Amino acid sequence: MDVRLVVFDLDGTLVGAPKPFTQLKEELKSRLLAEGIPGETLGDLTPMYENLQRIAGETGRDFGELYSHMVELETERISESFLFEGVRETLEFLREKGIQMAVMTRSSRKAALRALEMHGIAGYFSVVFTRDDVPPAELKPNPGQLKRIIEALGVEPTRTLVVGDHGYDILPAKELGALSVMITSHESGRMSFSVDVESDFEVPTMEEFRNLIEALLDTYIVVPAYNEERMVGTVLEDLLRYFRHDEIIVVNDGSRDRTEEIARSKGVHVLTHLVNRGLGGALGTGIAYALRKNARLILTFDADGQHLVSDALRVMKPVAEGRADFAVGSRLRGDTSQMPFVKRFGNFVLDAITAVFAGEYVSDSQSGLRCFSRNCAARIRITCDRYAVSSEIIIEAAKGGCRIVEVPIKAVYTEYSMKKGTNIFEGVKIALNLLFDKLR
């Protein structure tokens, strides 16, 4: 993936502290009560910074005086902080890869700089944006704070990865179109309330994040293409929003139109079959090439515009996180409103036949959107040249002991894409090919 900037949250992501935020909140409340502010005015102080602004407005008290208590308490707390395991190694890895890094935090500048300096990691970050550096309306979960970081470093949102431990970190990434990773088990430093939002990826700790980012940076996309001059350019432009040119492998399967010319004009890697070998042949060539390039993850993506890049990221998720070896994007488990009945019925029949040979049922065995780990891809032996390859891959993955999961996706059916892929006649051929091949 084309990750050029990683933006880290601070508290709960890079560092933790023995004192939880709930205790900090109670200490702040005690100070404010001692200054004569009624308890009913204070409320529960969630979140603290915004409520201090409200209290100052309601009571006529000077905000700076109220805020000074919060800064003092959190600076004392951060003085007892510790660096989470794996942080330094991860930062060093990103630096070696030439990836810029920044900090986006709701902490005060005084507390944030204290933490970065005391743990010796300040030098890794090009910019540090704290709550003191942006207007209140821009502070995360609003997107303004992240937008300032991205603009300051001249990186596109889709090439930015935001790493945090709370929904407040994920929401601005979602709004701007950046990728996001949630660290789920760093309890020390997590805010005292939660927000229901789904990140693109999840890992328990910063140590696992290192494995995740290594996998993402070595992800290759295989795009089989046969006479796809109409759509291949648009498909590649969508993929290039998140992936590098040399990570995208278009297998031009003996096309007689401008497919190869258009693909090359996008700067991606193009492999050409002199004659049409079929979907199986194209996938076999592309996967073998990705393995030779030492891909950690391999994604297959149709060239006819039937898939969404957002769904590709979702299909990658369980494999990138190490929870599965092979993920299949299932149109049958997602939005089927655009899927014609004949295709749903045909898929059901082929799914049943595939399950007989695989010993495992997959609800959309004919899906072209898949993600393999390197080890799983290396176990798959492709012998079917035509559309039967989709079933063959499921069978080979199951017999190879790959952990298989399904991820709901939406298929985008147009008049053009309806002419592509399997139909009833192809379905009969697939069934017969599987039967003859597997009974040999």
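Select Pro408 to begin: this residue is partly exposed, because its relative accessible area is 32%, which falls between the limits of 20% for buried and 50% for exposed. The model on screen is a predicted one. Pro408 belongs to strand β15, which covers residues 404-408.

Next, go to the aromatic rings. The model has seven aromatic pairs. One of them joins Phe8 and Phe125: the ring centres are 6.3 Å apart and the planes stand at 80 degrees, so this pair is edge-to-face, a label that applies to planes over 60 degrees apart. Where do the two partners sit in the chain? Phe8 is in strand β1 (residues 5-8), while Phe125 is in the loop between α6 (109-118) and β5 (127-129). They are 117 residues apart, and the pair links distant parts of the chain.

Are Phe8 and Phe125 buried or exposed? Both are buried. Ring pairs connect Phe8, Phe125 and Phe209 in a cluster.

For the last stop, select Glu85, Glu89, Glu207 and Glu208. These residues form a patch of negative charge on the surface. Zoom in on Glu208, which is found in helix α9 (residues 206-217). Glu208 is classed as partly exposed because its relative accessibility is 31%.

Methods
Residues numbered from 1 in each chain as written. Predicted model: local features only at pLDDT ≥ 70, side-chain atom pairs only at ≥ 80, totals over all residues. Heavy atoms only, no water. Patch = residues over 30% accessible without salt bridge, like charges linked within 9 Å, V, L, I, M, F, W, Y side chains within 5 Å. Areas by Shrake-Rupley, 256 points an atom, 1.4 Å probe, with all protein chains shown as cover. Salt bridge = Lys/Arg side-chain N within 4 Å of Asp/Glu carboxyl O. Lys, Arg positive; Asp, Glu negative; His and termini not counted. Charge placed at Lys NZ, Arg CZ, Asp CG, Glu CD. Helix = DSSP H or I, 4+ residues; strand = E, 2+ residues; numbered from the N terminus. Buried < 20%, exposed > 50% of the residue type's maximum accessible area, 1.4 Å probe, protein only. Phe/Tyr/Trp six-rings, centres within 6.5 Å; stacked < 30°, edge-to-face > 60°.
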